[in-house]
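Let's take a walk through this model together, starting with its sheet and moving on to a pair of helices.

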Amino acid sequence: MSASIAMAESSRSGAHALLDGAQTAWDMLSEEQMQKPITTGCEELDTILGGGIQCKAVTEIGGIPGIGKTQLGIQLAVNVQIPVQYGGLGGKAVYIDTEGSFMVERAHQIIEGCIADLFEKFEHRKQSLVCPYILQPNSFLANIFYFRVCSYTEQIAAVNYLEKFLEEHKDIIVVDSITFHFRRDFDDLAMRTRVLGGMSSKLMRFTKKHNLAVVLLNQVTTKFVDGSFQLTLALGDSWSHACTNRIILYWNGNERHAYIDKSPSLRSASAPFQVTSKGIRNVTSNCKRVRMM
Amino acid sequence: MSNKLISQMGLPSSLANVFSARNILTAKDALSLPEFDLMALLDVDRDQVRTAVARISEIACPPCRTALSLMEDRALTGGYLPTRLLGLDRALRGGIPFGALTELVGPSGIGKTQFCLKLALLAALPSSYGGLNGRVIYMDTESKFHSTRLIEIGRSSFPHIFNSEGMAQEMAGRIIVLRPASLDELTERYVQMLFVLLNLAIVNFMYGLHRENERSTTGQKQHSCHLPLSFLKSLAEFSQIPIVVTNQVRSQNNYEVVHYPFQGNTDRTSCMLEKLESHLIASLGIQWAHAVTIRLIFEAHSGQYTPQILV
């Protein structure tokens, strides 16, 4: 008798141990539904993304030079800061720049565009929802934390250091680009894969632990597939497993499009978008492509 | 940053000794290895490795700055070289930016060299005339620099300066022209540029030097571009000067890669049409293009050239 009671007891505590730290799917559903996505600025793009860039996920965005990756990265770093009263997250952004493509004047321009659109959208409200001083370009700029990384060592160090840095609340990490240094200086490709694997699992942990979005911008390379060369995102096949969602930005004729290449929850779909002086926006009828790659 | 010595990072001495005993001396050595490899190599447990790596990373990590402080810095240093073309300056929010690589692309004969000559002059001009009052290095790999033309531009654009005594000589004297004959010499010159006080660097048509190596494999060609490319970029950022490079266009080959797998099977015919129309693409390939910050594309529209900006 005592033996069976003892066994029952131990199995119960075993079961407890199993459930420790786990979540039921129902709890996750309520959490997911409460989670606000980060708008990209383009409604069509937001729609195929299910509202915008998801928090608690690593999203990889890749494309050829000039397609608008950095523009989208900066736009997200700005849009995450849209105050809660205006439908945003009221958050802060970390921007890790490996290529030096972050132009602060452009960020300023995008912030001005964002603020102007917010005022236009909420014009009908008689009194202002938020104290005007918060909706100043300078306060947006102050909430973008910028790291300029010049080698892969610094890139790894920065990601490691984020563990401590993120103790103060942040909502999005943009890495522009994840590829630049890793394509040049690594001779040992197997080692590169493992180092990248370590980095990606760290970033994945950050999304869960700190409830933020990670956006990795990637470059393209060519791959020989089925008898012809095709464009694909850089860093190889093993890296492509590292991210939760994968979006490819490409030219479709004269228009810029975004295509959801991989996602556990979103359908493969394509949406057009435009890069304007205000930032990433919907396509209007007179957008123009410059005919060069 | 990556060459910082572990011995100077304030790790507990027992741990620091283990690192140096295994010949892991710099931050780069330590951070290039995955955590598990480090554990095995150093024969220490995971927690110790983690704390050590965290400490090394904190020190090797570049300093964090807010975008606001970047903006304030920009305001102090001026931040750009105005081109005097109103529309272009407006689109560029001031002019050719400091601290970044700007590329001029276009077919031959469209005016890239002329634009470069004008920029060189603008940088040499005294600040009272809107210039940078400084020294310019002009890297001329195709022997396209003609001083007569430079003076001619100067005389017609800034007559009051150039017609006064000795000013033409002083302005032209601020522009240093180099003619590297090989890729190695070019790279050497870049390194030398670090030690000179500069306000603008113009590299006219790099592709000429790479054309010689064209028969080599694609992998090699890309590699040979990288050192100068990344160096130029670092030089621009470190010295906070504008660097302008020119690039040529070349015809698109039939096997040129343009599509992703998900685009592949649709519409072969439209793809061909697109190729015929836009058959000119910038040379030097995709990796170079990824490193350039601003690209100004010169296109001819019914006889007049118009620069379009692709950032």
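How many bridges join strand 1 of chain A to strand 5 of chain A? The two strands, residues 58-63 and 213-218, run parallel and are joined by 5 bridges. Within this pair, Gly62(A) stands opposite Asn218(A).

A word on the basis: this is a predicted model, in which local features need pLDDT of at least 70, side-chain atom pairs count only at pLDDT 80 or more, and totals for chains, interfaces and linings use all residues. Residues are numbered from 1 along each chain as its sequence is written, chains are lettered from A and ligands numbered from 1 in written order, and side-chain values use heavy atoms, leaving out hydrogens and water.

Helices (H or I, at least four residues) and strands (E, at least two) are DSSP runs numbered from the N terminus, and strands pair if DSSP finds at least two bridges between them. The open sheet has 10 strands with mixed pairing, in the order 11(A)-10(A)-9(A)-8(A)-1(A)-5(A)-4(A)-2(A)-3(A)-1(B). Strand 11 (279-281) of chain A and strand 1 (64-66) of chain B each have a single partner strand, so one side of each lacks a neighbour in the sheet.

Now to the helices. Helix 4 (residues 69-79) of chain A and helix 5 of chain A pack with their axes 10 Å apart, where axes are lines fitted to C-alpha atoms over the stretch in contact and angles run from 0 to 180 degrees between N-to-C directions. Contact means heavy atoms within 4.5 Å.

| Helix of chain A | Residues making the contact |
|---|---|
| Helix 4 | Gln71(A), Ile74(A), Gln75(A), Val78(A), Asn79(A) |
| Helix 5 | Arg106(A), Ala107(A), Ile110(A), Ile111(A), Cys114(A) |
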